[in-house]
Amino acid sequence: MRTHASAVVIGGGVIGCSILYHLAKAGWTDAVLLERDELTSGSTWHAAANIHGLHDSTNISRLQHYTMQLYKELEAETGQSCGVFQPGSLYLAQTEDREAQLRLQEAKARRYGMNFHEVSRDEAERLHPLVDYTGVRCIMFEPDGGNVDPSGVTNAYAVGARQRGAEIYRFTPVTATEQQPDGTWIVRTEKGDIRTPWVVNAAGLWAREVGAMAGLTLPLQPTEHQYFVTETIPEIAAMERRLPSVADRDGEYYLRQEGKGLLVGAYEKDVRFWAEEGTPLGFGHELFADDLERIEENMMRAIDRVPVVGTAGIKRVINGPMIWSPDAAVLFGPVPELSGYFCACGMIPGFSQSGGVGRLAAEWMVEGEPTLDLFAWDVARFGAWAGKAFTKARVADQYAHRFKIHFPGEEREAGRPVRLRPVHAMQAGMGAKFGLNYGWEHPLFFDETIEDSAGFARQPWWDVVGRECRMLRDRAGIIDISNFAKYRVAGPGAEDWLNALFANRMPREVGRSCLTPLIGKRGGVAGDFTVTRLGPEEFWVLGGGAAERFHQRFFRAVPLPEGTTFESLTEATCGFNVAGPEARNLLTRLTNADLSNAAFPFFRSARITVAGVEVVAIRVSFTGDLGWELHCAEGDQVALYAALLDAGRAVGAGPVGSRALMSLRLEKGYGSWGRDYSPEYWPQESGLEGLIRRDKDFLNKDAWLRIEANAPREEMVLLEIDATTADASGSEPIFLPDGTPIGQVSSGGFGHTVGRSLALAYLKAGRVAPGETVHVAILGRPHTARRLAEPPFDPKGLRLRDLQPVVEPAE
């Protein structure tokens, strides 16, 4: 057995073998995989192994299509059959929302050249004559859909990895993973130890136990899952071709041909957890007792749609375990707190995503960063707040609603609340409806009579958000920004450390602030921050709250100078943004500080007292209006909020939620990290290149220099869309009027105070000039949009700086 390896992959299921294969393909030919039993033990061997490209995330769809294409290449390369059957997949929509989802997927497929298109009922009946299409509104067909052989695929990856020099050791359970002082790892087994710079946890059902060896608590929970295979069905036996699979997600089941019968699986409402206290180490190829009564309702819907299911006998039932994360997506990527520890755990559609997971894992470890932005998969999206109770509640919800549409901006209640600020009860009493941001409850909007809801079309709360926007623009609004990530850097090396981390030059004068990008390994935008100098050796850094753990990887990449400290203030501090034309009048009722333009200009900061509360005040606002951010100790939040609301009544101001903030920032064309800014996009594509100082060193400057002179591939623009019932939200593909794909929306919504449907989008550079039109596929239907030359609200930034417009003299 090797004693040293470039990476040690723990787990011999389809995911672990794919990662080993892709690592070897990327040049790490001495990588090793350790499997406690036989390959495919755990969840892999009993999987239904369906393959499909449909996914709400564009990038995940791209990876799923990569995976589907890879299997035949694997067969040719290795000589190992993957058991690929691709008779196609039919997607049925019984509801208006499902039709909108499918049409949007079809538009995305056209943009990326994927094979997914609408078929008529006549064509669908020819493709699958056993289906009753009564009540179906829309039918899409994916010619490449189908299924594979779980063992065949896993062994093909294994053969491909071995052919390149990687080694696989079966029946070799890992007994310990120990990090060494130099950051490398020793992986211990009864057959010997291996030293490696990278440990990869792809242990599937045992991911929790493997993680615990390194001190990790992973938010994962196994459940039981059933499907059954029928006896031979005469109608199928008489056919000379294989039938396409059926994705009737409104019916909450899946169905495909298996042999001369059918395989039917379901995600029932009666969820059964398994191994809550830990997966038994001796478990391998076992199954649970059949319990078909639990999926009876789903079965009856399948029988209604495909009547032969009801007349066929059941040949066998598979009831086996699956392991889930709280949002049913894989926990993926390097653990931010540990050097050289990579997770690929909690994969549900493993055979649709295995190739993509393996490819991106290899890119991340070998090259330092994946080529696609997949924050939705990043293990860093959860923190310690995602404990056992939260995980169980979310897994139950995800399982029972596996095929439920995830609408834009949807907030699911399961497992909440987790993290509360002191003002939560006060806000709830004012009618606040809350969303979840990295575990924190934060107000979406305020109204006692309207509940939160989600859908593709504008919702009942749309008018409430509009009222909040207009109140702020006309008078003032008070926005809770406590969920922003906040950090304090102090000490003699604070300025040097921040300059070595961020691309912009740090403020040299106390009381000044700057905006700065964080550059990724490929030169893209890994983050955007506001940095404020509060003292000679003290700085505050503010960034996106949901990305706090994600950004720890970058912060840890630059060693802190001796005597310099870095601490997160996110839990200990809260904040409010007071913005709007009356913001100064509101605040002067509560402070003796001079807030005039001369004394407190735009992008300046100071420690001041507001209503007797010590705050860090920064003159900035994501609304694009006159405003101040006020950051206080958590213990002072209630007192400060009460004082702001009380003073606000005198000027006609009140509370404003985050949905209004998102509308207001669109009116200014302000990008947001995780929506519009991404490691996939270069600074010159996102309009941030002016914030980079090439005359100093900073993290990943070499990557920036490699792409600095490149012409933008795409450019971020602001669009005004002719939309009346639904707005763009993000990922909608964009086409020229002749149907040529040209880009996609990064974020969108309605600009309530300018009366326009707006979207930030990335379009191929140089193809669409201001004033020219494109078609945005909202709900999959083309909507005419125009590129704007400037943002519709205050394009010159006069309100933000509280300046008077220049009046040209009359001729």
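Begin with the second largest pocket of this predicted model, which holds about 640 Å³ of space. Select Pro334, Trp364, Gly368, Lys521 and Arg553, which are the closest to the pocket's centre among the 28 residues that line it. Now colour β18 (331-334), α10 (350-367) and α15 (548-556), the elements that each give two or more residues to this lining. Of these, α15 gives the most, with four residues.

Next, select Thr532, which you will find in strand β25 (residues 525-535). Is Thr532 buried or exposed? Its relative accessible area is 0%, and because a residue counts as buried under 20%, Thr532 is buried. Leaving aside residues up to four places away in sequence, show the residues that Thr532 touches, namely Arg512, Ser513, Glu538, Phe539, Trp540, Ser605 and Ile618. If you then draw a distance from the C-alpha atom of Thr532 to that of Thr175, which is 357 residues away along the chain, the separation is 47 Å.

Move on to strand β20 (residues 432-437) and strand β21 (440-446). The two strands run antiparallel and are joined by six bridges, and they form a hairpin with two residues between them. In the turn, select Tyr438, which has a positive phi of about 50°. For one bridge of the pair, select Lys433 together with its partner in β21, Phe445. Seven of the seven residues of β21 are buried, so this strand is largely enclosed by the rest of the structure.

From β21, turn to helix α13 (residues 462-474), whose buried residues pack against β21 as well as β22 (477-480), β28 (573-579), β32 (654-656), α18 (658-667) and α21 (798-801). Among the buried residues of α13 are Val464, Val465, Cys469, Met471 and Leu472.

Now select the eight strands of an open sheet, which follow the order β5-β6-β4-β14-β15-β16-β13-β17 with mixed pairing. At the edges stand β5 (117-118) and β17 (314-324), each with a single partner strand, so one side of each is left without a neighbour in the sheet. Within the sheet, β4 (residues 89-93) and β14 (residues 245-248) pair in the parallel sense over three bridges, and Leu90 stands opposite Val246 in β14. Helix α11 (residues 388-400) packs on this sheet, touching β13, β16 and β17, and its direction makes about 20° with that of β13. Helix α8 (residues 296-305) lies across β4, β13, β14, β15 and β16, running at about 60° to β15.

For the last stop, select the six strands that close into a barrel in the order β33-β36-β35-β34-β37-β38, with antiparallel pairing. The twist averages 45° from one strand to the next. Look at β35 (residues 741-751) and β36 (residues 756-764), which pair over eight bridges, and there find Val745 opposite Ala761 in β36.

Key:
Residues are numbered from 1 along each chain as its sequence is written. This is a predicted model: local features need pLDDT of at least 70, side-chain atom pairs count only at pLDDT 80 or more; totals for chains, interfaces and linings use all residues. Side-chain values use heavy atoms; hydrogens and water are left out. Two strands pair if DSSP finds at least two bridges between them. Axes are lines fitted to C-alpha atoms, for helices over the stretch in contact, and angles run from 0 to 180 degrees between N-to-C directions. The expected span of a helix is 1.5 Å times one less than its number of residues. Buried means under 20% relative accessible area, exposed over 50%, partly exposed in between (1.4 Å probe, protein chains only). Contact means heavy atoms within 4.5 Å. On a 1 Å grid over the protein atoms alone, a cavity is a set of points where a 1.4 Å probe fits but cannot get out, and a pocket is an open set with protein on both sides within 12 Å along at least five of seven lines; lining residues have an atom within 4 Å of a point. Grid points are joined across faces, edges and corners, and a volume is the space filled by probe spheres set on the points.
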